[in-house]
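Trainee: I have just opened this model and would like to go through its fold with you, one region at a time.

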Amino acid sequence: MKTIIIADSSADMNKDIKESSSIVSVPLSIDVNGNHYVDDDSIDLAQLRADIRASEEAAKTAGVPPRFFIDQGQGRDRVYMVTISSKLSGTYSNALIAAEELEESGKEVYVFDSLSASSGVTAVACKIRECLGLEMSGEEIRKTVQAYVDGLRTWFVLDDLSTLSKSGRMPRVAGRLAKGLSIKLISRGERGKIAVDSIKRGMKSALEALCQKIEDDPVDWSERTLYISHVQAEERANFIKDRLKNLPFKDVQILSAKGLVTVYANEGGVVVAY
């Protein structure tokens, strides 16, 4: 049976994940500072970051069209799709539209709302891959992956709050004040939405607090992989990895952010999922 896993481009992936799996990425799009970007392997992330800094307005993003999912699903018998949280994008709704058309052509299709973003979407896609490796049936995979989504944790720390202030989610004067005082937000995913957990002064303090929250989480670490995505902040990602080295994670993966996560996390941001 020919099978494919399709993840939208909010799923950050490293070289190892790309080369060792059948996960295919379909792109969202970004408009900022008069330029249009397609969030695929051709995207110029340095120019995107420059446009984000230069623009007085927040970048606008558009979900993956249904046709992109359909095109990737052609020629396959079983199709798995995983998307950024439906609370953050219309991509999940578009994936459901694509699923209907693919099912009409006789394919077995499963669509998962990750209720997350960035490394969280990657985590769900990799869980599907793991289940396929165990030769589970389609229904077994659906139940296992949905349970995984329900228990998935996502945390992030932002260094730059400019996107929040430009988009009106934070008053601009508050954004400038936060920058001047080196205020950092520790936030978490909460059933697909973003919730501010706590506030720290200085990135070092924020990362330490984040790691402490993860350490205090009463979960079975041996069954979880730690995914750390970053926007031009590999040193911070490695700090988290080293700080949590005593937790018996099954694996740790460090990921470089693609375009969509670059827009919302901004340079210096980190997103952690497990």
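**The parallel sheet**

Mentor: Four bridges join E1 to E2, and these two strands run parallel. The model is a predicted one, in which local features need pLDDT of at least 70 and side-chain atom pairs count only at pLDDT 80 or more, while totals for chains, interfaces and linings use all residues. Residues are numbered from 1 along each chain as its sequence is written, and side-chain values use heavy atoms, with hydrogens and water left out.

Trainee: OK, what stands opposite Asp-8 in E2?

Mentor: The residue opposite Asp-8 is Val-26. Between E1 and E2 the chain passes through helix H1, residues 15–20, and this β-α-β crossover is right-handed, a word used when, with the strands pointing away from the viewer, the path from the first strand over the helix to the second runs clockwise.

Trainee: And what about E6, how many bridges join E1 to it?

Mentor: Five bridges join E1 to E6, again with the strands running parallel, and the bridge partner of Ile-6 there is Met-81.

Trainee: Then what order do the four strands of this open sheet take?

Mentor: The order is E2-E1-E6-E7, with parallel pairing, where two strands count as paired if DSSP finds at least two bridges between them. Strand E2 (23–26) and strand E7 (108–113) stand at the edges with a single partner strand each, so one side of each is left without a neighbour in the sheet. From one strand to the next the twist averages 20°. Strand E6, residues 78–83, is joined to E7 by six bridges in the parallel sense, and Arg-78 stands opposite Glu-108 in E7.

Trainee: How much of E1 is buried?

Mentor: Six of its six residues are buried, that is, under 20% relative accessible area with a 1.4 Å probe and protein chains only, where over 50% would be exposed and anything in between partly exposed. In a regular strand the side chains alternate between the two faces of the sheet. In E1 both faces are covered, with Thr-3, Ile-5 and Ala-7 buried on one side and Ile-4, Ile-6 and Asp-8 buried on the other.

Trainee: Which strands does H4 lie across?

Mentor: Helix H4 (residues 91–104) lies across strand E1 (3–8), E6 and E7, and runs at about 175° to E7. Such angles run from 0 to 180 degrees between N-to-C directions, with axes fitted to C-alpha atoms, for helices over the stretch in contact.

Trainee: Now the six-strand sheet, in what order do its strands come?

Mentor: They come as E10-E9-E8-E13-E11-E12 in an open sheet with mixed pairing. Strand E10 (193–201) and strand E12 (251–256) are the edge strands, each pairing on one side only. Strand E9, residues 183–190, pairs with E10 over eight bridges in the antiparallel sense, and Leu-185 has Ile-199 of E10 as its bridge partner.

Trainee: What does H9 lie across?

Mentor: Helix H9 (residues 203–215) lies across strand E8 (154–158), E9, E10 and strand E13 (270–273), at about 170° to E8. Helix H10 (residues 234–243) also packs on the sheet, where it touches strand E11 (225–230), E12 and E13 and makes about 160° with the direction of E11. Contact here is a matter of heavy atoms within 4.5 Å.

Trainee: At roughly what angle do the axes of H9 and H10 cross?

Mentor: They cross at roughly 40° and come within 10 Å. Among the residues that meet are Leu-207 and Cys-211 in H9, and Phe-239 and Ile-240 in H10.

Trainee: Last one, is Tyr-148 buried or exposed?

Mentor: Tyr-148 is buried, at a relative accessible area of 15%, and it lies in helix H6, residues 138–151. Leaving out residues up to four places away in sequence, Tyr-148 touches Ala-123, Val-124, Lys-127 and Tyr-227.
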